[in-house]
Amino acid sequence: MTNSEPRAARKAPPTHGPHPLALRVVLQRVSQAAVSVEGKIVGDIGRGLVVLLGVEQGDSEKDVHYLVEKILHLRIFEDDLGKMNLSVLDVRGELLIVSQFTLLGDCRKGRRPSFTRAAEPERAHHLYQLFVEELKKSPLKIATGVFQARMLVQIFNEGPVTFILDSPQDPLT
């Protein structure tokens with residue numbers, strides 16, 4: 001379609017239903033971080049990454065494997081020359097994984113976020129557990145929050161360095 005066609009003839013992106021993005025992660029490089037539930041620290045790390053994970057409807061085990069590999073090998077730590085050339089594996093960092101369905105909130109319409117794209121809790125919990133178990137196969141320390149709990153997360157973002165990662169749109173990727 002061209003821009004000369006009437007606006008009504010152009011197809012607008014969907015506001016509900018399937019979404020071109022999948023499993024979503026907010027990745028923060030930290031000097032330290034901790035997560036507490038009901039006043040008790042349930043997970044803490046030193047230098048490494050905080051991984052906030054949102055699971056969307058339609059996400060799969062393939063999305064989990066893709067993001068685990070991406071997180072472990074993404075070069076976002078500085079080398080001796082100050083360039084982001086090292087991965088969390090290279091620096092022997094630690095990971096704190098926190099489930100956060102609000103990453104999937106759609107705020108485009110109205111004044112209250114819509115969470116219709118978030119996966120059902122049972123499915124989200126399954127993929128969250130798989131995500132954690134896959135990361136535990138690495139030699140790194142892995143700490144977690146508590147799925148579906150109200151948590152207090154303390155993050156000492158180093159840099160600050162923050163990235164948003166989504167699993168690929170293409171199911172063949």
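I shall go from the overall fold to the helices, and then to individual residues.

Please bear in mind throughout that this is a predicted model. The protein chain has 173 residues, and 39% of them count as buried. Its secondary structure comprises two helices and eight strands. Read from the N terminus, the order of the elements is β-β-β-α-β-β-β-α-β-β.

As for the surface, the accessible area of the protein chain is about 10600 Å². Carbon and sulfur atoms account for 52% of that area.

Let me turn to helix α2, which covers residues 121-136. This helix has 16 residues, and the distance from its first C-alpha to its last is 22 Å. That is close to the 22 Å expected at 1.5 Å a residue.

Which residues of α2 are buried? They are Ala-124, Leu-127, Tyr-128, Leu-130, Phe-131, Val-132, Glu-134 and Leu-135. You will notice that a glutamate, Glu-134, is in this list.

The axes of α1 and α2 come within 10 Å, and they cross at roughly 35°. This crossing of α1 and α2 is right-handed. By class, the contact of α1 with α2 comprises nine nonpolar, two polar and three charged residues. On the α1 side, the residues are Glu-61, Val-64, His-65, Leu-67, Val-68, Ile-71 and Leu-72. On the α2 side, they meet Arg-123, His-126, Leu-127, Leu-130, Phe-131, Glu-134 and Leu-135.

Is Phe-131 buried or exposed? Phe-131 counts as buried because its relative accessible area is 0%. What does Phe-131 touch, if we do not count residues up to four places away in sequence? The list is Val-25, Val-51, Leu-53, Val-64, Leu-67, Val-68, Ile-71 and Ile-97. There is also a pairing to point out between Phe-131 and His-65, which are 66 residues apart in sequence, while their C-alpha atoms are 7.5 Å apart in space.

At the other helix, His-73 is found in α1. With a relative accessibility of 46%, His-73 counts as partly exposed. Leaving aside neighbours within four places in sequence, His-73 is in contact with Ser-87 and Leu-89. Its C-alpha atom is separated by 8.2 Å from that of Leu-86, which lies 13 residues apart from His-73 along the chain.

Among the strands, please find Gly-43 in β2. Gly-43 counts as buried, because its relative accessibility is 5% and the cut-off is under 20%. Beyond neighbours within four places in sequence, Gly-43 is in contact with Ala-33, Ala-34, Val-35, Leu-96, Ala-143 and Thr-144. For Ala-33, 10 residues apart from Gly-43 along the chain, the separation of the C-alpha atoms is 8.4 Å.

I come now to the loops. Glu-120 is found in the loop between β6 and α2. At 51% relative accessibility, Glu-120 counts as exposed. Glu-120 and Gln-57 are 63 residues apart in sequence, yet 7.2 Å apart in space, C-alpha to C-alpha.

Finally, some backbone details. Which residue has a positive phi of about 50° although it is not a glycine? That residue is Glu-38, in the loop between β1 and β2 (40-45). Glu-38 is exposed, at 80% relative accessible area. Gln-148 likewise is not a glycine and has a positive phi, in this case of about 65°. Gln-148 lies in the loop between β7 and β8, and is exposed with a relative accessible area of 61%.

The bond from Gly-159 to Pro-160 is cis, with omega near 0°. Pro-160 has its place in strand β8, residues 151-166.

Thank you for your attention.

Methods:
Residues numbered from 1 in each chain as written. Predicted model: local features only at pLDDT ≥ 70, side-chain atom pairs only at ≥ 80, totals over all residues. Heavy atoms only, no water. Helix = DSSP H or I, 4+ residues; strand = E, 2+ residues; numbered from the N terminus. Buried < 20%, exposed > 50% of the residue type's maximum accessible area, 1.4 Å probe, protein only. Areas by Shrake-Rupley, 256 points an atom, 1.4 Å probe, with all protein chains shown as cover. Expected span 1.5 Å × (residues − 1). Axes fitted to C-alpha atoms, helices over the stretch in contact; angles between N-to-C directions. Left-handed = near helix turned anticlockwise from the far one by under 90°. Contact = heavy atoms within 4.5 Å. Nonpolar A, V, L, I, M, F, W, Y, C, P; charged D, E, K, R; others polar.
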